[in-house]
Amino acid sequence: MPGILPMKVIKVGMNAQARIAQACDRCRSKKIRCDGVRPCCSQCANVGFECKTSDKLSRRAFPRGYTESLEERVRGLEAEVRELKDLLDGKDEKIDVLSRIHSQSSQSFSLPSPRRSSATSSHSVPLDPQAAASASKEDTFKVQQSPYLLGDRDTDSYFAGNTSGVSFIEAFKHKVQQGGRSASEIDTATLLNTKRLALPPSDRTRAVVWKAPPRLVSDQMINIFFQEWAPLFPVLHRPTFLALYDKYNTDPDSVTDMVSLAQLNLVFGIAALSSGSRDLEELASFETQWQTAMSTQLTDGSMATLQCLILAQLYCIQSGDYAKLPAYKGLAMSLASRMGLHHSQKRFALGALTCETRKKVFWTLYTLDCFTAVLLGVPKQLSDHDIHCEYPVDADDEYVTERGFQPTLPGEFTKLSSALALFRATRIMSRVLDELYPVSPSYEVSFQSIASLSEELDTWYSSLASHLKLQFVQDKPST
């Protein structure tokens, strides 16, 4: 039947033409090319000759290069086996750790609850002290924190803890060296470059030029800030700030309050840093104006000053100015404590707008405290034991007044919902910092603690609203 391909085809090399393993009797005797189609090749079919293959394929009958083709296939299979072995070796350690975490997690469910422990203590079997010590030893592992000092000169060096990128880079270099390769080309200083954005030098001796950007530019900056930053860091009350911004655009000279000028230029600067295109001259103008305005108001214990200090931290994080970041953070923490923002706001007879603003400002500061602690590798400044402030009400700024909350449309999601989810996730991050990255240079970490934190994070994710979840379909985002 014509069209049926031969059973044995040989391809030598990557780009070689395929050919059959053995020709039929007539093609061999005529020394013509046989296409090997069975039961009758094309050459025999053209002349009506019976196509037969008398001799069986012997070792000498294999065509030239057949052995090399088999060797090449064997080498390819060996390479694939080596890759699979490396993957399995790498996963063995991970599977062992995960199995231990899982075993500790399942044991935690079988422990008696605190309410039942007193009632069942008389019937419980005492645990062998040696067995308890052995189980406790298996549950924990020791961590040695390496002290890293970064900086150009010994006098200007600064500490970077385990949460910073230094320890991860050093661990990566150690893994590279274990693999037999040199890690000398990995420049830690380049990977951890914390130099701030290079702005044009400004002449501090000259008076600051207080000027507003073009209306088209300022409108774009305001939109960027309230679309990208305010939903996660609701430090400003949108209607109040937009009223200030409208006044600033209508008559810039009428805005003489330094705190208001600092807020405006901080919002412009943060939005300019996060936008795709940056005008460095314009960015330098924003920075000069807000820094000059804040320098006269740092000791003013007002809510507007605290809002500026929080915005200044966001600006320093974006621009990489890690030298001024701790200074603004320390001032903000002191002012927030003096204002009593960590206390329950129900204790104070305040209007709804003032109360909600205090809550939003505090939890934004708490979030930045945890994020900057991770970023800089330093301890947190706020202790969870001292925090009694409630979460803000899930209502957008437009529906909050001093008299109370205005009715909202049913079924609509608020912009504040993303900030509330971030605040709750930051509480888990705070526990991670306390339990897995303490200040002590040498400490022990429990697998049970890791499992507990993992379960808490899973619970947080499962409780997220549908519009905050990123669903994947076939490893791709569905929306």
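1. Axes are lines fitted to C-alpha atoms, for helices over the stretch in contact, and angles run from 0 to 180 degrees between N-to-C directions. In this predicted model, helix α10 (residues 258–274) packs with helix α12 (residues 303–319) at an angle of about 25°, and their axes are 9 Å apart. Angles under 35 degrees count as roughly parallel, and α10 and α12 are therefore roughly parallel to each other. Their crossing is left-handed.

2. The contact of α10 with α12 may be described by its residues. The α10 side includes V259, A262, L266 and I270, and the α12 side includes A304, T305, L311 and Y315. By class, this contact has 12 nonpolar, 7 polar and no charged residues.

3. Q297 is placed in the loop between α11 (280–295) and α12. Which residues does Q297 contact, leaving aside its neighbours within four places in sequence? They are M258, V259 and T305. Between Q297 and V259 there are 38 residues of separation in sequence, while their C-alpha atoms are 6.9 Å apart in space. V259 is also one of the α10 residues that meet α12, and T305 is one of the α12 residues that meet α10.

4. A further point concerns D369, which lies in helix α14 (residues 352–376). Is D369 buried or exposed? Buried means under 20% relative accessible area, and D369, at 1% relative accessibility, therefore counts as buried.

5. Leaving aside neighbours within four places in sequence, D369 is in contact with K329, M333, K380, Q381 and L382. For L382, the backbone nitrogen lies 3.0 Å from a polar atom of the D369 side chain.

How values were computed: Residues are numbered from 1 along each chain as its sequence is written. This is a predicted model: local features need pLDDT of at least 70, side-chain atom pairs count only at pLDDT 80 or more; totals for chains, interfaces and linings use all residues. Side-chain values use heavy atoms; hydrogens and water are left out. Helices (H or I, at least four residues) and strands (E, at least two) are DSSP runs, numbered from the N terminus. Angles under 35 degrees count as roughly parallel, over 145 as roughly antiparallel, 65 to 115 as roughly perpendicular and the rest as oblique. A crossing is left-handed if the near helix is turned anticlockwise from the far one by less than a right angle, and right-handed if clockwise. Contact means heavy atoms within 4.5 Å. Ala, Val, Leu, Ile, Met, Phe, Trp, Tyr, Cys and Pro count as nonpolar, Asp, Glu, Lys and Arg as charged, and the others, Gly among them, as polar. Buried means under 20% relative accessible area, exposed over 50%, partly exposed in between (1.4 Å probe, protein chains only). A polar contact is a pair of N or O atoms within 3.5 Å; within protein, one must be able to donate a hydrogen and the other to accept it, and residues adjacent in sequence count only if both atoms are side-chain atoms.
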